[in-house]
Amino acid sequence: MRILAGLSIILFLFSQTIQAQSQNKYGQVSGSFQLDAQMYQPDSNLGITDSLINGKTVRMNAFGNIIYRLGNFSAGVRYEAYLPPMAGFDSRLEGHGFANRWARYKTGIIDLTVGNFYEQFGTGMIFRAYEEWTLGYDNSVDGVRLILNPMKGMTIKGIWGTQRYFWDTYEKDDRGIIRGGDIDLFLNDLFASMNESKTKITLGAGLISRYQADLDPIYKLPENVASWSGRMNLSHGGFFWLTEYAHKINDPNAINNYIYKDGQGLFSSVSYSQKGFGLALSAKWIDNMGFKSDRTVTGDALFINFLPPNAKTHSYSLSAMYPYATQPNGEAAIQATLNYRVPKKSKLGGKYGMGIEVNFSHIRSIEKTAINDTTAIGESGTLGYESQFLSIGNEVYFQDLGFEIDKKINKHFKLIASADWIKYNMNVIEGHVGEADVDAFVWVTDLSYRFKRKHSIRWELSQLLTKQDQGNWLSSTLEYNFAPTWFFAIMDQYNYVNKDGQISFESENGEVQERDIKKLHYPTISAGYTKGTTRVLLSYGRQREGILCVGGVCRAVPSSNGFKITITSSF
Amino acid sequence: MKILNIIIIASIISISLLSCDKVDAPYKEEVEKPIDTTNKIHKKVLLEDFTGHKCINCPAAHEIGHDLTNIYGEDNLIIASIHAGFYASPQNAPFDYDFRTVAGSDYANFFGVQNYPMGLVDRINDGGDYLLDVNKWGSTIAQQFNETANLGITINPNLQVDKLSAEIKLQFVSTVSKAASIQIWIVEDSIIKAQTTPEGDVTDYVHNHVLRKAVNGTWGENLPATNYQNGDEETISFSDFQLGSDWVAEQLSLIVFVYDNESKRVLQVEEKKITN
């Protein structure tokens with residue numbers, strides 16, 4: 001504890017020192033850092049024993065970005081430390097050092113980066129290099145990126161390099177090399193006849209190819225695998241339409257069980273908005289689109305592409321208990337979101353108006369048929385299966401129907417209330433064979449009371465009701481804010497299961513079985529302090545086991561008990 | 001026109017980047033991989049397959065092991081199936097048989113096996129990690145067959161009823177100047193017991209290469225010397241090892257390997273059936 005406190009003070013003082021030094025005539029230094037550390041303690045109710053902790057009572061994840069800019073030139077480094085990584089993060093992250101380093105020269109026409117970079121073509125269906133700290137995920141490319149703007153309305157990108165794989169530096173043939181190009185054409189700038197048009201159109205196309213040596217003695221593997229996409233963005237006033245089609249040639253890999261079928265995907269999103277009203281519809285259909293720098297790797301690493309999610313990202317804890325993880329081997333998804341602002345001084349809106357949001361997501365399998373009578377669907381070393389473009393299968397993977405209202409009741413009170421009905425196919429999403437699908441209903445009320453200009457209290461009460469998995473939950477949070485500096489909160493999540501504390505489920509052989517679930521409280525107290533761009537957050541208590549997803553990419557979060565500190569700062 | 005030229009040039013550049021290899025059926029290699037036997041003593045490879053009878057993905061790994069022995073020959077690629085961890089725990093019938101061994105559990109703990117199936121190939125350490133996902137077995141084994149052998153191993157078993165003795169000769173063909181150990185295992189083929197598979201529970205699954213016991217302890221025994229030169233020989237023996245009561249002698253083999261004490265890397269491995 002004393003070590004953590006000391007470390008916090010050092011980091012805070014360091015940020016202040018750097019801030020004072022950050023600007024002078026020789027250029028500008030900026031940066032950001034974050035430290036997350038947790039002290040773990042045994043908790044027999046959670047099954048956390050001393051042997052499980054194994055002496056690693058304190059764990060830490062931290063990063064620091066330092067960026068230097070001088071005119072058209074910039075350069076930076078990213079230092080990371082996982083000593084050891086916090087529970088739930090990939091153990092291969094353990095270590096510390098400069099994970100990324102880069103230099104960039106950018107003018108109006110040319111933008112050249114050498115070293116590590118993040119980039120995306122279109123929606124990311126064929127290529128997206130990005131970093132997500134909360135997942136411990138970073139697939140940055142180490143290589144060269146060239147962006148050209150030869151004329152107004154045209155952007156051409158080229159990339160070439162290898163992707164980050166924890167701390168493993170690239171060695172010959174230990175993973176693939178990726179190279180690709182992308183072009184964006186904004187027609188309204190390119191064609192004089194469209195300059196003044198209210199209809200704005202952007203066309204784009206991208207290509208990405210992976211080279212990975214075939215060292216496998218069993219399969220004949222393609223050493224060069226390419227994926228391409230075409231896309232269009234069209235807008236007119238409040239109307240916006242984005243669509244992208246992607247295709248990938250045969251790419252037998254560990255995700256698709258070494259089948260040789262081509263992959264393809266379509267993502268389309270239409271939205272319309274005007275004052276007080278917004279409607280967004282999106283659809284996605286993907287088939288065999290898992291694409292990695294190393295065909296043998298599974299899990300959250302080395303993805304070349306990113307498949308956009310079609311499910312709402314919930315911010316309330318119980319609503320987010322069953323998040324959706326994208327299924328790259330095939331899924332058909334639709335999502336609709338309606339936002340409406342009931343006008344002020346109307347019967348329903350009252351003095352301040354009222355916001356209403358309705359969200360619906362539905363995701364299911366695609367239809368796959370066997371290629372012949374003797375080959376099972378998905379059998380390795382074959383074409384795998386046949387599927388019709390945009391076909392829809394029978395198995396529901398996920399569904400979420402939700403309503404949310406936010407209403408300012410008077411100058412002191414504000415209320416947010418939501419209700420969600422969620423279907424969650426645990427077998428597919430988490431790979432837990434034999435687990436029953438979860439049908440859950442979650443309601444949330446979030447009441448804020450501002451009693452002085454800077455003082456407010458927030459009370460959140462929510463309940464999750466389900467007959468499956470771990471049964472029912474009740475959650476309550478009481479938070480006091482002294483803006484903009486302090487906040488204090490006390491929270492308890494109670495897994496009260498049901499009256500008997502037993503969950504019935506059907507096992508693999510069709511037998512109904514009972515599972516005892518321990519009724520447990522997960523209390524937490526927390527406090528936060530913000531000063532300028534620096535924020536310190538302290539918490540102590542139990543954390544429930546769960547799944548954390550960002551953009552359809554997920555990691556398991558194990559249960560834990562202990563003290564946690566988070567420090568973030570930028571300068 | 002200028003725009004068109006740029007688009008054409010950009011397209012040509014992009015297409016030149018975009019190499020594609022379209023593979024036609026059959027998708028599996030159909031020929032055996034010849035092992036370089038120019039030298040009488042050539043490198044053989046040990047695959048340790050960490051498995052469990054309740055592990056639903058493990059039969060696929062067994063199948064890959066089988067495919068690999070078809071490619072390299074079972075005399076060259078030597079497999080040991082090590083039942084350990086949660087998925088190997090005895091449960092209600094038909095999963096009540098205990099395949100686990102003390103040595104197997106020790107290996108799983110030492111090498112940090114948490115997910116099953118998982119493998120070790122010659123116990124090589126790649127960037128601090130010994131464990132190999134099943135998708136990496138093939139390519140790693142292929143690389144190991146390119147290695148040169150330091151020594152050859154000859155096993156001469158002698159079974160008297162249910163007591164096993166053996167004389168093991170090590171013949172060095174290049175310098176080994178580090179502390180090394182010899183490990184002796186006994187494994188059994190064709191054990192008919194239950195296994196969970198993606199298609200359901202199979203009660204008459206054929207379990208092969210099952211580690212039965214480490215004859216000379218979990219980590220074997222040190223070689224008498226720490227420096228051997230080309231032409232040196234060493235003989236190790238054991239006697240009167242008691243076979244398990246439900247083991248079938250005709251299905252038993254001895255696996256013997258020599259490994260570097262520090263890195264754990266396997267220098268050479270050999271397998272021999274205990275009956276003719």
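Author: Happy to! Leu254(B) has its place in strand 12 of chain B; helices (H or I, at least four residues) and strands (E, at least two) are DSSP runs, numbered from the N terminus. Please keep in mind that this is a predicted model, where local features need pLDDT of at least 70, side-chain atom pairs count only at pLDDT 80 or more, and totals for chains, interfaces and linings use all residues. Residues are numbered from 1 along each chain as its sequence is written, while chains are lettered from A and ligands numbered from 1 in the order in which they are written.

Leu254(B) counts as buried because 22 other C-beta atoms lie within 10 Å. A residue is called buried if 20 or more other C-beta atoms lie within 10 Å of its own, exposed if 12 or fewer, and partly exposed in between, with C-beta atoms placed from the backbone.

Who are its neighbours? Leaving out residues up to four places away in sequence, Leu254(B) touches Ile155(B), Pro157(B), Ala166(B), Ile184(B), Ile186(B), Glu271(B), Lys272(B) and Ile274(B). Two residues are in contact if their C-beta atoms, placed from the backbone, lie within 7 Å. The C-alpha atoms of Leu254(B) and Thr154(B) are separated by 11 Å, although these residues are 100 residues apart along the chain. In chain B, among contacts between residues at least 6 apart in sequence, 72% join residues at least 24 apart.

Now to Ile255(B), which touches Ile78(B), Ala80(B), Trp185(B), Val187(B), Val269(B) and Glu271(B), again not counting residues up to four places away in sequence. Along with Val45(B) and Ile141(B), Ile255(B) has the most contacts inside the largest nonpolar core, which has 67 residues. Strand 12 (residues 252-260) of chain B gives this core its largest share, seven residues. A nonpolar core is a set of buried Ala, Val, Leu, Ile, Met, Phe, Trp, Tyr and Cys residues joined through C-beta atoms within 7 Å.

Ile141(B) takes us to helix 4 of chain B, where Ile141(B) is one of the buried residues. Helix 4 (residues 137-144) is mostly covered, with six of its eight residues buried. These buried residues pack against strand 1 (45-51), helix 2 (58-72), strand 2 (77-83) and strand 3 (118-121) of chain B.

Stepping back, chain B has four helices and 13 strands, and 38% of its 276 residues count as buried.
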